[in-house]
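Reader: Hi, I've just opened this one and I'm new to it. Could you walk me through a few spots?

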Amino acid sequence: MNLKTTTSMALALGLLTGPAWADMDAAKAFLDAEIGDQSTLTREEQEAEMQWYIDAAQPFAGMEIKVVSETITTHEYESQVLAPAFEKITGIKITHDLIGEGDVVEKLQTQMQSGENIYDAYVNDSDLIGTHWRYQQVRNLTDWMDQEGADVTSPTLDLEDFIGTQFTTAPDGKLYQLPDQQFANLYWFRYDWFTDPDIMAEFKEKYGYDLGVPVNWSAYEDIAEFFTGREIDGVEVYGSMDYGKKDPSLGWRYTDAWMSMAGMGDKGEPNGLPVDEWGIRVNENSQPVGACMARGGAANSPAAVYAVEKAIEWLNKYSPPSAMGMTFSEAGPVPGQGNIAQQMFMYTTFVAPLVDSAEVMNEDGTPKWRLAPSPHGVYWEDGMKVGYQDVGSWTLMKSTPEDRAKAAWLYAQFVTSKTVDVKKSHVGLTFIRESTIQHDSFSERASKLGGLVEFYRSPDRVRWSPTGTNVPDYPKLAQLWWQNIGDAMSGAKSAQDALDSLCSDMERVMERLERAGIQGDLGPVMNEEKDAEEWLSMEGSPKPAIENEREEPKTVSYDELVASWQ
């Protein structure tokens, strides 16, 4: 069921209108209209869970709470359907604002710096876990649930069922954020074209190996070249899709694992250690010590330069001309227009709109495309992370008054509860619970989601991870990426010069943090600079340049790959 029909059904049943009242009738009307059997709980268990919310919310009835998240399908559903239902059931009025991801970080940063309570809760990427742990400005949920928040913590929350809590847990072993939605970056391709016998034969004739899911960047490059400019079913095709506008979202393309896919960082899961996918090195106490090669970092290393140069080359050669001027949100829907053969990585949050696109779906509701692991670059080694996973998570600031934090925490648990999670996951396809992933309704729907369900059920999924704890101040450091890489994209600087500027800028921020001492024993302690060759000669990252960066191309059959996940 799509968001529009869900919302109109809620309207028809009066769930979105009229005065707030907290009772079981409202809960039952919501369960009838919205949930049905799309839940891992029985109807009796759903009603018991709702009764707990009604009882726990009584002290806060009539309060007006403000929360915020980025604008994706999952959060639209929460804002338009779940927030009004929660108000009917509990009497707590929720304003759930939807804004750009960069704006969410900006609001959070403002609240951290001013101490003013802008929002009562944030759905904030777990990429900020290193920031939250070091600044100690968010409520650590482990202690919160045990102490002040014990009376508003659901007995059916079941943290063990969440698949992303390893990413929202800091090195101190405490949980700082509760996952609300989760999506991976996966390779996307036109399965119908890749399995067309004539196209397969032509590719084999030209390149000498089978057309299939590219395992490495050399094969991705060949496939991009092969499809670009080809006409299929009267449409001119492009062999790759990306985006390049100098905009905050440009930085995500690189911090969200492009660099680690190229092979810039160290081995280690969920993140490379001691050098992560941002090129930041930490010492044995998890204190950042540098980002440039002269301090043992890798943000300006040969692998990082290779990553940026390949991205620019492919964008110019194999993507639609308009792609260079696009942002993340503008580029995301383009594969759904039917003229893209493959994409190195697609944030799977865009699967929901893809499923609604007639150009890339068959009449029987099955997709013409599939999802698979992204290929890796020549510097990549087995044991490194293979991709990025976004974990948007509920975050409670210490500057939020306790009663407001408690009311917001009730809402956060409601929208992630076992009662609603299966239905919410069908709308947004951003899985957070193991029980939801295994639900029968997703077994039935799997064939229409192009490998998404198989991926999330596979043991492989843990190799995709968010930004880790090496990053000491995400808001300050993230803005340096898009500005510097934007210079390389526009041709204003070479990739090397842009990355030299990037790592220097990151180190200046870390030096300021060190001098200020505001992160205590967890903050940066910068290494002395020395000749980069000393670091390059050591094992691990930063890695010396590989003379021939084009390795032998390798592909794998998609159907064999999925079989290996079973």
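Reader: What's the bridge partner of Asp-125 in β12?

Author: Asp-125 is partnered with Gly-392 in β12. This is a predicted model, where local features need pLDDT of at least 70, side-chain atom pairs count only at pLDDT 80 or more, and totals for chains, interfaces and linings use all residues. Residues are numbered from 1 along each chain as its sequence is written, and side-chain values use heavy atoms, with hydrogens and water left out.

Reader: How many bridges join β3 to β12, and do they run parallel or antiparallel?

Author: Four bridges, and the two strands run antiparallel. Strands pair if DSSP finds at least two bridges between them. The strands and helices themselves are DSSP runs numbered from the N terminus: E for strands, at least two residues, and H or I for helices, at least four.

Reader: And how do β4 and β12 pair?

Author: Also antiparallel, over six bridges. One of the pairs there has Ala-184 with Gln-389 of β12.

Reader: How many residues of β12 are buried?

Author: Seven of the seven residues in β12 (residues 389–395) are buried, so the strand is largely enclosed by the rest of the structure. Buried means under 20% relative accessible area, exposed means over 50%, and partly exposed is in between, using a 1.4 Å probe and protein chains only.

Reader: Which residues sit on each side?

Author: On one side you have Gln-389, Val-391, Ser-393 and Thr-395, and on the other Asp-390, Gly-392 and Trp-394. Both faces of β12 are covered.

Reader: Is Ala-121 buried or exposed?

Author: Buried, because its relative accessibility is 1%.

Reader: OK, new topic. How do β1 and β2 run?

Author: Parallel, with seven bridges joining β1 (residues 64–70) to β2 (residues 93–99). Glu-70, for instance, stands opposite Ile-99 in β2.

Reader: What do β1, α4 and β2 make?

Author: A right-handed β-α-β unit, with α4 covering residues 73–90. Right-handed means that, with the strands pointing away from you, the path from the first strand over the helix to the second runs clockwise.

Reader: Now helices. At what angle do α11 and α20 pack?

Author: At about 100°, with the axes of α11 (residues 248–262) and α20 (residues 474–490) 7 Å apart. They are therefore roughly perpendicular to each other. The axes are lines fitted to C-alpha atoms, for helices over the stretch in contact, and angles run from 0 to 180 degrees between N-to-C directions. Under 35 degrees counts as roughly parallel, over 145 as roughly antiparallel, 65 to 115 as roughly perpendicular and the rest as oblique.

Reader: Which residues make the contact?

Author: From α11 they are Pro-248, Leu-250, Gly-251, Trp-252, Tyr-254, Thr-255 and Met-259, and from α20 they are Tyr-474, Trp-481, Trp-482, Ile-485, Gly-486 and Met-489. The contact of α11 with α20 splits into ten nonpolar residues, three polar and no charged. Nonpolar covers Ala, Val, Leu, Ile, Met, Phe, Trp, Tyr, Cys and Pro, charged covers Asp, Glu, Lys and Arg, and the others, Gly among them, are polar.

Reader: What about phi at Ala-257?

Author: Ala-257 has a positive phi of about 85°, although it isn't a glycine. Ala-257 lies in α11 and is buried, with a relative accessible area of 0%.

Reader: And Asp-158, where is that?

Author: In the loop between α7 (141–146) and β4 (178–189). Asp-158 also has a positive phi, near 55°, but Asp-158 counts as partly exposed at 32% relative accessibility.

Reader: How many residues of α10 are buried?

Author: Ten of the eleven (residues 217–227), so α10 is largely enclosed by the rest of the structure. Trp-217 and Glu-221 are among those buried, and Lys-310 is in contact with both Trp-217 and Glu-221. Lys-310 sits in α12, residues 302–318, and counts as buried at 17% relative accessibility.

Reader: Last one: which residues does the cis peptide bond with omega of about 10° join?

Author: Glu-269 and Pro-270. Pro-270 is in the loop between α11 and β8 (281–282). The bond from Ser-541 to Pro-542 is cis as well, with omega near 5°.

Key
Contact means heavy atoms within 4.5 Å. Lists of a residue's contacts leave out its neighbours within four places in sequence.
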